[in-house]
Amino acid sequence: MNIVCSIKEMQAFSESIRNRGQKIAFVPTMGYFHDGHLSLMREGRRHSDCLVISIYVNPTQFGPNEDFEKYPRDFERDKGLAEGVGVDVIFYPEDKEMYPENYQTYVNVEKVTQNLCGISRPGHFQGVTTVCAKLFNIVKPHYAIFGNKDFQQLVAIKRMVQDLDMDLEVIGMTIVRESDGLAMSSRNVYLKQNERESALSLSRSLKLAKQMYDKEERDALTILEEVKKFIEGHPFSRIDYAKICDTKTLQDIDCLDGESVLLLAVKINKTRLIDNYVFGDALNI
Ligand code: AMP
């Protein structure tokens, strides 16, 4: 497994793979791996001759009062885990490599980034789409694998790839959960024991919503009322948003008669967690 920190070196490597007619799969990450990350890598391995991942805590997607500085990092541990799932290259750039002095170009996906996290994290998606556009130009993948856990991010990336005619396929993967249902996240390490218990309100409320849907409830407000009441009944929990949206436009909907998704962002004390459920899908909680 190779560690590459230079953009030029990464581009030259990818070019040589492509010239041999081989396929590159790419998994962009911010590191501090859990099984969710590893599931994307395993999927990438299945699709490709060459599996590239990136580890980069991208400063442009964090707001001024967010956790950029304290975001968990452990490169040595990540390296071992990546090697274990057969990663060929870790692209591991420094900030000055990605955003040198006088950097001034940003990618902005419009409508689908406006609702949900677009309201509570202004500028976040511009940072995400910009860094992904850069990473795609650096790694030149045939396939890019993302998790459904960051549902709005996945919709925005797919939109960008389509709108800017990027020559790659975006693949979305199921949410990997702890055995008690908590969606895996690098940020779960922030949770103290009693907060961890409260954090289960997210996945459990998704299950509640699924049960209502399975009993033919189709009114979004009725489902959301129950979901919010359930989450708010847990200590330390403050709802940032709980919304039911159309899976493609990410606009709020009143009636679940098309493809719809319940999206949650909840702060457990200072830790902001997200989770979601696409109605009609399986939910292993
Ligand atoms: P991050 O390092 O948090 O930026 O995540 C890197 C990739 O892993 C993104 O595509 C995420 O959606 C995905 N991911 C994060 N958590 C999970 C999870 N629990 N299950 C599946 N994919 C995940």
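Axes here are lines fitted to C-alpha atoms, for helices over the stretch in contact, and angles run from 0 to 180 degrees between N-to-C directions. Helices (H or I, at least four residues) and strands (E, at least two) are DSSP runs, numbered from the N terminus.

This is a predicted model, in which local features need pLDDT of at least 70, side-chain atom pairs count only at pLDDT 80 or more, and totals for chains, interfaces and linings use all residues. Residues are numbered from 1 along each chain as its sequence is written, and side-chain values use heavy atoms, with hydrogens and water left out.

**Helix pair**

Helix α6 (residues 124-139) packs with helix α7 (residues 151-163) at an angle of about 50°, the axes being 10 Å apart. That makes α6 oblique to α7, because angles under 35 degrees count as roughly parallel, over 145 as roughly antiparallel, 65 to 115 as roughly perpendicular and the rest as oblique. In contact (heavy atoms within 4.5 Å), Phe125, Val128, Thr129, Cys132, Ala133 and Phe136 of α6 meet Gln152, Gln153, Ala156, Ile157, Met160 and Val161 of α7. Of these residues, nine are nonpolar, three polar and none charged; Ala, Val, Leu, Ile, Met, Phe, Trp, Tyr, Cys and Pro count as nonpolar, Asp, Glu, Lys and Arg as charged, and the others, Gly among them, as polar.

**Two sheets**

Two strands pair if DSSP finds at least two bridges between them. An open sheet of six strands, paired in parallel, has the order β1-β4-β3-β2-β5-β6. Its edge strands are β1 (2-4) and β6. Five bridges join β5 (residues 143-147) to β6, and Tyr143 has Glu169 in β6 as its bridge partner.

An open sheet of three strands has the order β7-β8-β9, with antiparallel pairing. Here β7 (237-246) and β9 (271-278) are the edge strands. Eight bridges join β8 (residues 260-268) to β9, where Ile274 is the bridge partner of Ala265.

| Helix | Strands touched | Angle |
|---|---|---|
| α8 (residues 193-214) | β7, β8 and β9 | about 165° with β8 |
| α9 (residues 220-232) | β7 and β8 | about 160° with β7 |

**Salt bridges**

A salt bridge is a side-chain nitrogen of Lys or Arg within 4 Å of a carboxyl oxygen of Asp or Glu. By this rule the count is 16. Asp67 and Arg187 form a salt bridge at 2.8 Å, N to O. Asp67 lies in the loop between β3 (50-55) and α3 (75-84), and Arg187 in the loop between β6 (169-173) and α8, 120 residues apart.
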